[in-house]
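This report is meant to be read alongside the model. Please keep the sequence and the coordinates open while going through it.

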Amino acid sequence: MRILFLVPYPPGRAPSQRFRFEQYLDALTAAGHTYHLAPFISVATWNILYQPGRAGAKALGILGGFARRFGLMFRVPNYDFVFVHREAAPVGPPVFEWIISKVLRKRIIYDFDDAIWLANTSEANKIAAGVKWHHKVADICRWAYKNSCGNGYLADYARQFNPRAVVNPTTIDTVHLHNQVRDQAAPGRLVIGWTGTHSTLKYLDQVVPVLAKLEAEGLDFEFRVISNQPPAFPLNSLVYLPWRKDTEIADLLGFHVGLMPLEDDPWAKGKCAFKALQYMALGVPALVSPVGMNTEVVQHGYNGFVCANSAEWEASLRQLLADARLRQHLGAAARATIEQRYSVRANTPNFLNLFS
């Protein structure tokens with residue numbers, strides 16, 4: 001099959017693209033398929049996209065993306081499938097998806113890993129919120145040949161409009177990338193860790209008071225935050241590391257415990273437990289909120305802990321900080337869970353079947 005990927009961002013940069021489909025490109029080639037990646041945003045625009053201001057440069061970048069998309073429509077007939085990740089264009093109605101499906105009669109595989117039918121625009125780009133056209137997701141689901149959804153909550157949404165919805169989980173490459181395991185018995189200061197973008201730092205607000213309490217009692221630990229912007233938490237234990245692709249795995253391997261708090265709202269229910277998957281693949285126990293896919297991935301007391309309130313966050317952290325053998329046991333079970341259910345190797349047949 002000849003497959004055209006219509007994607008928002010340049011390859012190798014956005015986590016959703018890296019862990020949704022980019023890590024399957026070699027498998028597509030091995031299966032005899034050919035493909036072409038067509039990002040909407042150029043590298044230059046990506047580099048300023050989440051910076052405050054620069055509205056003029058961002059607008060020019062968006063206009064350039066539309067020009068490339070219109071030109072690409074003349075090449076769409078050369079492909080058997082068009083894989084649309086999230087949307088063909090970040091603003092406006094689904095014009096390109098309509099042309100591809102209704103005019104050019106091509107089969108769309110529509111892939112999304114968030115509740116993108118809900119408004120959730122970043123602060124840096126809040127001006128664009130009014131033109132995002134979030135309700136286009138329903139139309140694209142309806143027109144798609146298949147909908148590739150990151151979890152059951154998203155698939156249930158897609159099935160309102162189209163019965164052909166497949167749960168295609170976000171997965172981890174346990175062979176080439178997350179291919180090391182944390183030694184919980186190694187000497188050194190204990191590290192409680194979190195990784196994510198600036199837009200999800202707000203979820204840590206529920207855990208910061210717990211960490212402050214443990215600090216005040218004299219427990220010795222480091223709270224390591226890996227992100228694209230430094231947080232402003234009043235914690236002495238806070239250590240900020242800027243996210244870098246080339247040190248991503250080494251930085252995560254420094255964690256003894258990984259956190260994934262969430263708020264119980266419609267947007268968070270669409271989350272695909274990605275932070276937990278990353279921690280667990282490296283043998284790091286995950287502490288998660290009981291929201292969305294988190295409780296599917298993390299089994300309380302087996303491969304991590306599920307924490308519904310401050311008391312449970314505190315009790316779980318105390319246990320794990322005090323007991324290296326427990327961390328090792330949970331970490332081993334966590335790694336096995338990823339290998340068996342959420343690895344690229346385990347999910348490759350499911351991904352390839354999208355194009356059957």
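## Basis

This is a predicted model, in which local features need pLDDT of at least 70 and side-chain atom pairs count only at pLDDT 80 or more, while totals for chains, interfaces and linings use all residues. Residues are numbered from 1 along each chain as its sequence is written, and side-chain values use heavy atoms, with hydrogens and water left out.

## The parallel sheet

Six strands make up an open sheet with parallel pairing, in the order β9-β8-β7-β10-β11-β12; strands (E, at least two residues) and helices (H or I, at least four) are DSSP runs numbered from the N terminus, and two strands pair if DSSP finds at least two bridges between them. The edges are held by β9 (238-242) and β12 (304-306), each of which has a single partner strand, so that one side of each is left without a neighbour in the sheet. On average, and with direction ignored, neighbouring strands of this sheet are turned by 20° against each other, where axes are lines fitted to C-alpha atoms, for helices over the stretch in contact, and angles run from 0 to 180 degrees between N-to-C directions.

Within the sheet, β7 (residues 190-195) and β8 (residues 221-227) pair in the parallel sense over six bridges, and Thr 195 stands opposite Ile 226 in β8. Helix α11 packs on the sheet, touching β7, β10 (257-260) and β11 (286-288), and its direction makes about 170° with that of β10.

## Two packed helices

Helix α13 (residues 310-322) and helix α14 (residues 324-341) pack at an angle of about 105°, with their axes 5 Å apart. The two helices are therefore roughly perpendicular to each other, a term that covers 65 to 115 degrees. Gln 319, Leu 320, Leu 321 and Ala 322 make the contact from α13, and Ala 324, Leu 326, Arg 327 and Leu 330 from α14, contact meaning heavy atoms within 4.5 Å.

## Nonpolar cores

A nonpolar core is a set of buried Ala, Val, Leu, Ile, Met, Phe, Trp, Tyr and Cys residues joined through side-chain atoms within 4.5 Å, and buried means under 20% relative accessible area (1.4 Å probe, protein chains only). The largest such core has 95 residues, and those with the most contacts inside it include Leu 6, Tyr 110, Phe 223 and Leu 317. Helix α11 (residues 274-281) gives the most to this core, with five residues. Apart from this core lies another, of 15 residues, among them Val 7, Phe 83, Phe 351 and Phe 355.

## Cysteines

With a disulfide taken as a pair of cysteine sulfur atoms within 2.5 Å, the count comes to zero. Cys 272 is in no disulfide, and the nearest cysteine sulfur, that of Cys 149, is 9.2 Å away. Cys 272 is buried at 6% relative accessible area, and Cys 307 also counts as buried, at 1%.

## Two buried residues

Phe 305 lies in strand β12 and is buried, with a relative accessible area of 6%. Leaving aside neighbours within four places in sequence, Phe 305 is in contact with residues including Leu 287, Val 298, His 300, Gln 319 and Leu 330. Phe 305 and Leu 330 are 25 residues apart in sequence and 9.1 Å apart in space, C-alpha to C-alpha.

Arg 18, found in helix α1 (residues 15-20), counts as buried at 7% relative accessibility. With neighbours within four places in sequence again left aside, Arg 18 is in contact with residues including Leu 177, Trp 243 and Glu 248.

Technical notes. Buried < 20%, exposed > 50% of the residue type's maximum accessible area, 1.4 Å probe, protein only. Parallel < 35°, antiparallel > 145°, perpendicular 65-115°, else oblique.
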